[in-house]
Amino acid sequence: YKPGPTAIDKEISFGVHYGSGNGVANQWQDTVGVCKGDENTYEFGVLSENKNLPAIWGLAYKVLAKPTDNRLTPLLDQLVKEREDFRDVFSMLLCGHRPYHRVIFGDVDQRVDPKDLAYVPIIDESYYVIDVHSMSVDGWRKEGGKWVEAADANTKLGTFGTYNPNTKSGIKTIVDSGSTMN
């Protein structure tokens with residue numbers, strides 16, 4: 001983050017912990033252009049000290065946000081609250097070895113064929129907990145530790161436990177891009 005003329009350092013520091021990494025972030029306020037160039041003011045944290053936290057982008061639900069004594073409202077929640085035309089949805093396109101990784105806030109990526117997308121509802125808003133029992137990848141197969149295209153392939157990645165959000169029991173399956181665990 002390179003502060004511009006509209007940036008305000010709120011002079012509030014807080015710890016960030018994720019996976020095996022940790023760091024210290026500072027709270028900032030800045031004017032950001034989102035959706036068709038509209039500019040609005042948002043508050044967010046920027047890492048000032050970083051140990052093993054590459055590319056962390058805070059999309060957590062507010063219940064997990066920091067600092068705990070005055071939780072920051074996550075960016076997606078700020079966008080939904082301020083904009084009538086903004087849907088409470090985001091989409092991630094993770095292309096593996098290909099270019100064009102992107103995150104779209106407020107909609108799905110219109111450049112992607114809808115039949116290639118999978119909508120999975122969030123069943124618990126503590127993390128991005130979804131109800132999924134297994135996952136597979138169409139059109140790819142793993143050979144010798146590398147992924148290769150194979151039109152007829154349907155490679156099963158795993159089977160997952162079940163979670164009951166009403167009783168908060170079972171095993172959670174969490175959506176995570178994995179970008180912070182490089």
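View 1. Aspartate 124 has valine 129 in S7 as its bridge partner. The model shown here, and in every view below, is predicted. S7 spans residues 129-130, and two bridges join this strand to S6. The two strands run antiparallel. S6 and S7 belong to an open sheet of three strands, in the order S6-S7-S12, with antiparallel pairing. S6 (122-124) and S12 stand at the edges of this sheet, and each has a single partner strand, so one side of each is left without a neighbour in the sheet.

View 2. Is threonine 173 buried or exposed? Its relative accessibility is 10%, so threonine 173 counts as buried, the cut-off being under 20%. Which residues does threonine 173 touch, leaving aside those up to four places away in sequence? The contacts are Tyr128, Val129, Ile130, Val132, Phe160 and Gly161. One of them, Val129, is also the bridge partner of aspartate 124 in View 1.

View 3. S8 runs over residues 134-143 and S9 over residues 146-159. Nine bridges join these antiparallel strands. Methionine 135 stands opposite glycine 158 in S9. Arginine 141 has valine 148 in S9 as its bridge partner. At the turn, two residues lie between the strands. Glycine 144 takes a positive phi near 60 degrees in this hairpin. In a regular strand, side chains alternate between the two faces of the sheet.

**View 4. A nonpolar surface patch includes methionine 135.** Which residues form the patch? They are Met135, Trp147 and Leu157. Together they have about 280 Å² of accessible area. Methionine 135 is found in strand S8. Its relative accessible area is 37%, so methionine 135 is partly exposed, between the cut-offs of 20% and 50%.

**View 5. Glutamine 27 is a buried residue of strand S2.** S2 spans residues 21-34 and holds glutamine 27. At 3% relative accessibility, glutamine 27 counts as buried. What does glutamine 27 touch, residues up to four places away in sequence not counted? Its contacts include Ile8, Asp9, Lys10, Glu11, Ile12 and Phe14. Glutamine 27 also touches Glu43, Phe44 and Gly45. Pro67 and Leu72 complete the list.

**View 6. Asparagine 40 lies in strand S3.** S3 covers residues 38-51, and asparagine 40 is in this strand. Asparagine 40 is partly exposed, with a relative accessible area of 23%. Asparagine 40 and aspartate 30 are ten residues apart along the chain. Their C-alpha atoms are separated by 8.2 Å.

**View 7. Helix H1 has its buried residues on the same side.** The buried residues of H1 are Leu76, Gln78 and Leu79. These residues cover an arc of only 160 degrees around the axis, which puts them on the same side of H1.

View 8. Phenylalanine 86 is buried, with a relative accessible area of 6%. How far apart are the C-alpha atoms of phenylalanine 86 and phenylalanine 105? The separation is 8.1 Å, and the two residues are 19 residues apart along the chain.

**View 9. The overall model places the close-ups in context.** The secondary structure comes to one helix and twelve strands. Along the sequence the pattern reads β-β-β-α-β-β-β-β-β-β-β-β-β. The protein has 182 residues, and buried residues make up 27% of them. Take the contacts between residues at least 6 apart in sequence: 41% of them join residues at least 24 apart. The accessible surface comes to about 12500 Å². Carbon and sulfur atoms account for 51% of that surface.

Notes. Residues numbered from 1 in each chain as written. Predicted model: local features only at pLDDT ≥ 70, side-chain atom pairs only at ≥ 80, totals over all residues. Heavy atoms only, no water. Buried < 20%, exposed > 50% of the residue type's maximum accessible area, 1.4 Å probe, protein only. Contact = heavy atoms within 4.5 Å. Helix = DSSP H or I, 4+ residues; strand = E, 2+ residues; numbered from the N terminus. Pairing = 2+ DSSP bridges. Arc of directions from axis to C-beta. Patch = residues over 30% accessible without salt bridge, like charges linked within 9 Å, V, L, I, M, F, W, Y side chains within 5 Å. Areas by Shrake-Rupley, 256 points an atom, 1.4 Å probe, with all protein chains shown as cover. Salt bridge = Lys/Arg side-chain N within 4 Å of Asp/Glu carboxyl O.
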